Structure formats: structure tokens, C-alpha cells
Protein chains: 2
Amino acid sequence: MATPVAQLAVSTVIFSLRAGSTLWLPLVRRIREPFEGQWALPGGPLGANESLADSAARTLQQTTGLTPRYLEQLYAFGTVDRSPSQRVVSVVYWALVRPDEAEQATEGENVRWFSADELPELAFDHNTIVEYALWRLRNKMEYSRIAHAFLGERFTLAQLREVYEAVLRRPLDPANFRRQIEAGQSIVATDEYLAGGRHRPPRLYRTNESIDLAENGPLPEQGAPHALR
Amino acid sequence: MATPVAQLAVSTVIFSLRAGSTLWLPLVRRIREPFEGQWALPGGPLGANESLADSAARTLQQTTGLTPRYLEQLYAFGTVDRSPSQRVVSVVYWALVRPDEAEQATEGENVRWFSADELPELAFDHNTIVEYALWRLRNKMEYSRIAHAFLGERFTLAQLREVYEAVLRRPLDPANFRRQIEAGQSIVATDEYLAGGRHRPPRLYRTNESIDLAENGPLPEQGAPHALR
């Protein structure tokens, strides 16, 4: 075989909503050159016996202790000079985790969560990668039910709106939001109401499971981790 | 550096409309093992000094003589056993070319165009890759102006509808189609009409250029080839 011209790495952008209304992601401090001491996306070289998606799931597990419900391939980054010493092509995945999952995430010595809006200068081209992931997330909110990946099995319309507001970074009119969401088919009203002492507790909704959450299409063996199947 | 566990290849799915109303793609006959004699997607190992997108554009040029207006990354395929002899991770791009461009495409001894609906058994997992590309194309027709990549600068509503019918593989009601398209903002009516001796020649439309054709988002240097910028 020809000598490979590049090392293959898999990195993962892990988004969650923390403090209710801000997008956060965990980063890992690099403990060796290049970029020693700087923060970077979790990831590493592709293992010999793992698929790309398995590698991303392993990274997520090692960094946060979590198993993602939403894990999807984002993009392969492969400009010639993106790593100073040797050429590296990174296949990047993105994972979305619910706030209650994120609260349970383990946080090692060299792992810290950052607000997506206040990132330091990251190693390699990782700022560009996060920017691209944010762009895709915002874009995808417009035509898919990706927002649901941040919610539990039951949620109110106000909770769903808060997810949209956090990701799109602007307030949304509650009445317009209700009309638009109800016109779509992404959620289904349940007979349940939010627990609490209110006079008129808000109705709970659930996700319409007939629409796929991650858009893997006809890729059976290509493989998201088992949690996603 | 650690020894890379996989070879990196770039392949390209090149769709065009031929014979008016069917999706076609060019394939290359393999002249060496594995899969010698079978048809495969055009592509090859990533060159040392080219980005992923440059590699895809080069492949397209070598296979068809064409420079694509629409070239976008599709997906990275990396299951462990997708190549029999050594592990190969393929970053796959897709290109869409207009029928008039496809007619000018060169066709070498080992290059042949096939109907997307009548493919032979391809090398590696290339049938799966084409199936995934078709799924993405059909999916994307629903929410983007990707269909325009198959059309010239001026087109009638009937010509646009024919593109949708070819990709979606079903007839569309002309009146409904007109209403839906006019409700969107993807096309702009011109003051021109289709040339010809008809009593009421159909109006010509053009693409709304304020909407990006390829969705590369904030990826300036990541790079589509120059033709796309």
C-alpha cells in the first residue's frame, strides 16, 4: 500500500444546555505538544478496530461518562496545514446531551465545560470546527426536530421554546412559537400536565417518534452506537 | 507519530440529469485488485499537498473533464472491514452537474455513465454510498434550492418541476408545484420568456443568488474549489 499521507483522528463536539439557557461544551486540556496547555475538542487517533462512530462514542464516554442519544457525523476537516507537525485529517462528530445528563457528567482534572459563546483560543482549527457545528445546529433547528435532543421524554411548549431561544440566541414570541410548532408534526400532545400547584398547569408534549432524530438515512452498518438504534 | 491505522481516500458521487429526466452518474472500471474489473466511484488516495475538496475536484476533472459548480462533502465512510486488503477511510464528496455540462463530459475507456436506478454491483461499499447520496439529494430537495444545480441561469417552472420529478421519481401536479415554489423565495421571475413560436411562451426564472447553493457555512479556508467561491 502507498504510505498514508495523513494521520486520521476523530473528535467530538458535545453540546448541552447548562444553567437553563446557554449552550455549553466540554473541552480537554492538552498535556503534550503541539498546543500543550491549550484547550481542545475531545478526541484522538482512530483505533484500529473501531468504526468512526464507535471512536466518537468512546471519546464522549471517556470525557463525560455519558452515552449519547444524539450522535451524528458533522464534517471531515482536512486542510493540509491544520496541524503543525504532521498532517492530520479529523472526522468530527457532534453529540447533543440533555441538561439532566450534563449535570451527571464526570469532569476530570483536564476536562472543563465552556460556554459556546466564550471560548478561549483553542488548539489547531478547533475554534473553526465549533463555529461550524454551531452554524449547523442553528441551521438544523429550522427544518428538523433536533431541538428535542436537549429535552426529556415529556416537556412543555415553554421548555421547547427555551431550547430554541438558547440555540438561536434571541427571544421568541410565545404565541407565534406555539402556532409554528403546532403546525408542524414534530411533537404530540399528551394527556399529562406539569406537576405543581398552579391553577392551570401547562400541558406536557412528547416527541413524534416516527421522525428520526439523527439523520443517518440508509446507513445501517455505518453505525451510530447502540444507544441510537 | 503513531502509525496510521487506515489509508485515506477521497471519492466523488457525480450526479447529472441525462435524457431529460433520469439521474445518471459516471463510474470507473477498476483495473487492479481488489474488485478488478468492477465499477466503482471515481476517486483515489488523498494527495500529500491537496485538501479534501481539492482532491474531489481533481477526481471530477480527471473523470469527466468538468469543473463543478456544486461540490459538497457528503460523508466519511469508515467501517473497519469495508476494504478487503487494508483499511481505507473514504471521505466522499458529491457533485451536481447540469445536463448541458454532462453532454460535454469526456468519457474515457474505463469511464461510463449509469442510470442511478440501474447500477451493477459496485466495488467496496459503493452501492451503499450511492444509496446514501440519493437519500441526501431527495431529502435536501425538500428544504433547499439544490435542484437549481441541475439547471442553467434561466429556466421555466416546467423545467424546474422536471428536475424535482426526476430526483423524487414521481409526477408532481403542475399547479400545486407552482404555488409551492412561488411561496418560497428560491427563485425570482425575470422579464424574459422562453424563445420559440408559441402563442404564450412561458416565463423564465432565475435562482435567488442571496441563498447559498452549497451549504459550506463558515468554512472559508476549508475550501470548495475556486469555481464555487
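The model is predicted: local features need pLDDT of at least 70, side-chain atom pairs count only at pLDDT 80 or more, and totals for chains, interfaces and linings use all residues. Residues are numbered from 1 along each chain as its sequence is written, chains are lettered from A in the order in which they are written, and side-chain values use heavy atoms, with hydrogens and water left out. Chain A contains five helices and nine strands; helices (H or I, at least four residues) and strands (E, at least two) are DSSP runs, numbered from the N terminus.

**Overall make-up of chain A**

- Starting at the N terminus, the order of elements in chain A is β-β-β-β-α-β-β-α-β-α-α-α-β-β.
- Chain A has 229 residues, of which 52% count as buried; buried means under 20% relative accessible area, exposed over 50%, and partly exposed in between (1.4 Å probe, protein chains only).
- Contacts, defined as heavy atoms within 4.5 Å, join residues at least 24 apart in 65% of the cases in chain A where the partners are at least 6 apart in sequence.
- Carbon and sulfur atoms hold 46% of the accessible surface of chain A, which comes to about 11,000 Å²; accessible areas come from the Shrake-Rupley method with a 1.4 Å probe, and for residues only the protein chains shown count as cover.

**Helix H4 of chain A**

- Helix H4 of chain A covers residues 157-168, twelve in number, and its first and last C-alpha atoms lie 16 Å apart, close to the expected 16 Å; the expected span is 1.5 Å times one less than the number of residues.
- Nine of the twelve residues of H4(A) are buried, among them A:Leu157, A:Arg161, A:Tyr164 and A:Leu168.
- The buried residues of H4(A) pack against strands E1 (7-18), E2 (22-29), E8 (187-193) and E9 (203-207), and against helices H3 (126-141) and H5 (174-183), of chain A.
- Just after H4(A), A:Arg169 has a positive phi of about 55°.

**The nonpolar core**

- The largest nonpolar core comprises 128 residues, and A:Phe15 and B:Phe15 have the most contacts inside it. Such a core is a set of buried Ala, Val, Leu, Ile, Met, Phe, Trp, Tyr and Cys residues joined through side-chain atoms within 4.5 Å.
- Leaving aside residues up to four places away in sequence, A:Phe15 touches residues including A:Trp24, A:Trp94, A:Leu134 and A:Phe150.

**Local backbone features**

- Most residues other than glycine have a negative phi, and most peptide bonds are trans.
- The bond from A:Glu33 to A:Pro34 is cis, with omega near -5°, and A:Pro34 is in the loop between E2 and strand E3 (39-40) of chain A.
- In chain B, the bond from B:Glu33 to B:Pro34 is also cis, with omega near -5°.
- A:Phe124 has a positive phi near 50° and is found in the loop between strand E7 (111-115) and H3 of chain A; A:Phe124 is partly exposed, at 23% relative accessible area.
- B:Phe124 has a positive phi near 55° and counts as partly exposed because its relative accessibility is 23%.

**A serine in a loop of chain B**

- B:Ser144 is in the loop between helix H3 (126-141) and helix H4 (157-168) of chain B, and B:Ser144 counts as buried because its relative accessibility is 17%.
- The side chain of B:Ser144 reaches the backbone oxygen of B:Lys140 at 3.0 Å and the backbone nitrogen of B:Ile146 at 3.1 Å.

Technical notes:
A polar contact is a pair of N or O atoms within 3.5 Å; within protein, one must be able to donate a hydrogen and the other to accept it, and residues adjacent in sequence count only if both atoms are side-chain atoms.
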